[in-house]
Amino acid sequence: KFPAVTLPVLMPSLPSAVLFDFDGIIVDTEWAIYETWHALFLENGHPLPLETYNQCIGSDFATWSPETHLEDLTGDSFDWHDLNTTRNIEIRKILEGSQPMLGVLAALEWLGTRAIPLAVVSSSSHGWVDGWLQTLGLQNHFATTICRGDAPRIKPAPDLYLEAAKQLAVPPAECLVIEDSVNGLKAALAAGM
């Protein structure tokens, strides 16, 4: 469940900028990522309930780590480099041919006709986000992409969202954020958006 929120400012009209999370908002990548983790847990004799895994969605493993969790459950250590390389190949296979989430293109076009600046703000890497935007032909809709490494901390810290507002030259309180994770929501609210 998402926490109850109080919006810092009620926007009387359209926002000055719209900031989109990427994974789960632009493309439904979250389920494929979760499926590969769940399969790995099952191979090692343990389920990975979605409610447990949700702790790291939108952030990194500093918030909660499936790697550490599996090691704690099994008492074993794993070669995460090799396992994650294999998982990433499987994720890309599952996602092959993916399209933008329903309504994304229409929303981007609608906002574009109103000259509202748009950005993607993600805890994922530029290679992942920019690669997908290019593959889907969506990169020209966004003034910028802000990803891991563009600010000191990722979600749930507000740094990535604040960097996006700075690059767009828009006050944070005038930004509308489109998010799907608790960590992303915490980051947006902490940024005053």
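Helix 7 is largely enclosed by the rest of the structure, because seven of its 10 residues are buried (under 20% relative accessible area, with a 1.4 Å probe and protein chains only). The model is predicted, so that local features need pLDDT of at least 70 and side-chain atom pairs count only at pLDDT 80 or more, whereas totals for chains, interfaces and linings use all residues. Residues are numbered from 1 along each chain as its sequence is written, and side-chain values use heavy atoms, with hydrogens and water left out. Helices (H or I, at least four residues) and strands (E, at least two) are DSSP runs, numbered from the N terminus.

The buried residues of helix 7 are Asp159, Leu160, Tyr161, Glu163, Ala164, Ala165 and Leu168. They pack against strands 1, 2, 3 and 4 and against helix 8 (182-190), where contact means heavy atoms within 4.5 Å. Helix 7 (residues 159-168) lies across strand 1 (17-20), strand 2, strand 3 and strand 4, at about 160° to strand 3; axes are lines fitted to C-alpha atoms, for helices over the stretch in contact, and angles run from 0 to 180 degrees between N-to-C directions. Alanine 169, which follows helix 7, has a positive phi, near 60°.

The four strands form an open sheet in the order 3-2-1-4, with parallel pairing (two strands pair if DSSP finds at least two bridges between them). Strand 3 (144-146) and strand 4 (175-178) are the edge strands; each has a single partner strand, so one side of each lacks a neighbour in the sheet. On average, neighbouring strands of this sheet are turned by 25° against each other, direction ignored. Three bridges join strand 2 (residues 118-121) to strand 3 in the parallel sense, and valine 120 stands opposite threonine 145 in strand 3. Helix 6 (residues 126-136) lies across strands 2 and 3 and runs at about 150° to strand 3.

In helix 5 (residues 104-113), the buried residues are Val104, Leu108 and Leu111. These cover an arc of only 70° around the axis and are therefore on the same side of helix 5, the arc being that of the directions from the helix axis to the C-beta atoms. Strand 1 and strand 2 are among the elements that cover them.

Helix 1 (residues 30-43) and helix 4 (residues 80-95) pack at an angle of about 135°, with their axes 9 Å apart. The contact includes Trp37 and Leu40 of helix 1 and Trp80 and Arg87 of helix 4.

Terms used
Buried means under 20% relative accessible area, exposed over 50%, partly exposed in between (1.4 Å probe, protein chains only).
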